[in-house]
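Dear colleague,

Here is the structure you will be working with. My notes on it follow below.

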Amino acid sequence: MKKLLGILLLGFFSVSDASAYTPPPSFILARSIKDRKGLRSIEWTARITDTKSQVTFKEQLRIEYPSGRLFTSYSGPSDEPWGSHEADPSTLSRLGRFWITVGLDPNGARVKSALSELGVLPEESSESKLTKVGKSIAWTWGEQARILFGKDSFLPVGYSSRPDTGSESILVESFMLAGNQLQVPKGVQVTAGSASYRFEVRSVKVDVPNKSAPFSQGKTDNAWVKGWVTLVR
């Protein structure tokens with residue numbers, strides 16, 4: 001009887017400890033990057049809507065991760081060319097570092113560098129906490145700036161900047177499966193001050209040969225595209 005009671009008590013404490021376990025941020029990061037191992041490129045076509053003016057335009061994007069370079073071209077509602085943009089990890093915007101580097105880059109060193117620049121690179125003493133995001137639960141850490149990872153998916157789902165750099169936030173509302181296991185942000189809400197955008201991927205491919213034609217336009221001078229590029233690319 002005593003032996004059985006001991007087994008039951010051991011089981012009780014094990015379940016309690018497991019339910020209270022909070023993974024350290026370093027584990028969450030490693031788990032997040034693991035699913036992207038070996039990724040070489042991503043291409044997508046997406047629709048962007050300025051939610052205040054209801055102006056819409058199309059983005060064609062390609063990321064080449066061996067170099068980290070990003071290429072985009074833009075077109076208007078009738079597919080008229082609205083220009084292009086090119087960037088590398090050192091010139092990405094703050095929200096671009098979260099979206100393109102922290103969210104998708106398989107290079108752990110670049111991810112940690114981006115987290116440091118965003119003010120959410122965890123220290124050894126950092127702890128993750130559970131928080132509610134809409135109808136979902138996420139792991140989060142950071143004080144003045146905050147980052148969010150899905151509780152079960154470990155996918156980066158949100159970031160908000162510290163007040164002294166201006167109010168910026170990005171929230172990934174849904175993902176699209178690309179290839180065998182890569183989850184690419186599908187529906188994204190971006191807010192910065194009075195600016196607000198809705199992003200939705202229409203198609204996505206991974207590890208396809210480079211076709212430079214869609215990205216050969218001249219640099220954009222379109223005001224709608226400039227606002228978007230400055231904020232997230």
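Rings of Phe, Tyr and Trp, with Trp represented by its six-membered ring, are taken as a pair if their centres lie within 6.5 Å; planes under 30 degrees apart make the pair stacked, and planes over 60 degrees apart make it edge-to-face. Please keep in mind that this is a predicted model.

Aromatic pairs

By this rule there are eleven aromatic pairs. One of them joins Phe57 and Tyr74 edge-to-face, with 6.1 Å from centre to centre and 65 degrees between the planes. Phe57 belongs to strand 2 (residues 56–64) and Tyr74 to strand 3 (residues 69–75), so this pair ties together parts that are 17 residues apart in sequence. Phe57 and Tyr74 are buried. Trp141 and Phe149 make a stacked pair, at 5.3 Å centre to centre and 10 degrees between the planes. Trp141 and Phe149 are both buried as well.

Ring pairs also link Trp44, Trp99, Tyr197, Phe199 and Trp228 into a cluster. A charged residue sits at one of these rings: Arg233 lies over the face of Trp99, 4.3 Å from the ring centre.

The core and Trp228

The largest nonpolar core has 54 residues, and the members that touch the most others are Ile42, Trp44, Trp99, Val190, Phe199 and Trp228. What does Trp228 contact, leaving aside its neighbours within four places in sequence? The list is Ile48, Phe57, Glu59, Tyr74, Trp99, Val190, Tyr197, Phe199 and Arg233. It takes in both Phe57 and Tyr74, the two rings of the edge-to-face pair above.

Helix 5

Trp228 is also one of the buried residues of helix 5 (residues 223–232), together with Val225, Val229, Leu231 and Val232. Seen down the helix axis, the buried residues of helix 5 fall within an arc of 165 degrees, so they line one face of the helix. Ala223 and Thr230, on the other side of helix 5, are exposed. Asn222 caps the N-terminal end of helix 5, with a side-chain oxygen 2.8 Å from the backbone nitrogen of Trp224.

Helix 4

The buried residues in helix 4 (residues 108–118) include Arg110, Val111, Ala114, Leu115 and Leu118. Within helix 4 the buried residues span an arc of 140 degrees when seen down the axis, so they line one face of the helix. Among the elements covering the buried residues of helix 4 are helix 2 (25–34), helix 3 (94–102), strand 7 (146–150) and strand 8 (156–160). At the start of helix 4, a side-chain oxygen of Asn107 comes to within 3.0 Å of the backbone nitrogen of Ala109. After helix 4 comes Gly119, which has a positive phi near 80 degrees.

Arg69

Apart from neighbours within four places in sequence, Arg69 is in contact with Arg62, Ile63, Glu64, Glu86, Ala87 and Asp88. With Glu86 there is a polar contact between the two side chains, at 2.7 Å. The C-alpha atoms of Arg69 and Ser90 are separated by 9.6 Å, and these residues are 21 apart along the chain.

Regards

Conventions
Residues numbered from 1 in each chain as written. Predicted model: local features only at pLDDT ≥ 70, side-chain atom pairs only at ≥ 80, totals over all residues. Heavy atoms only, no water. Core = buried A, V, L, I, M, F, W, Y, C linked by side-chain atoms within 4.5 Å. Buried < 20%, exposed > 50% of the residue type's maximum accessible area, 1.4 Å probe, protein only. Contact = heavy atoms within 4.5 Å. Helix = DSSP H or I, 4+ residues; strand = E, 2+ residues; numbered from the N terminus. Lys NZ or Arg CZ within 6 Å of the ring centre and 35° of its normal. Arc of directions from axis to C-beta. Polar contact = N/O pair within 3.5 Å; in protein donor to acceptor, adjacent residues only side chain to side chain.
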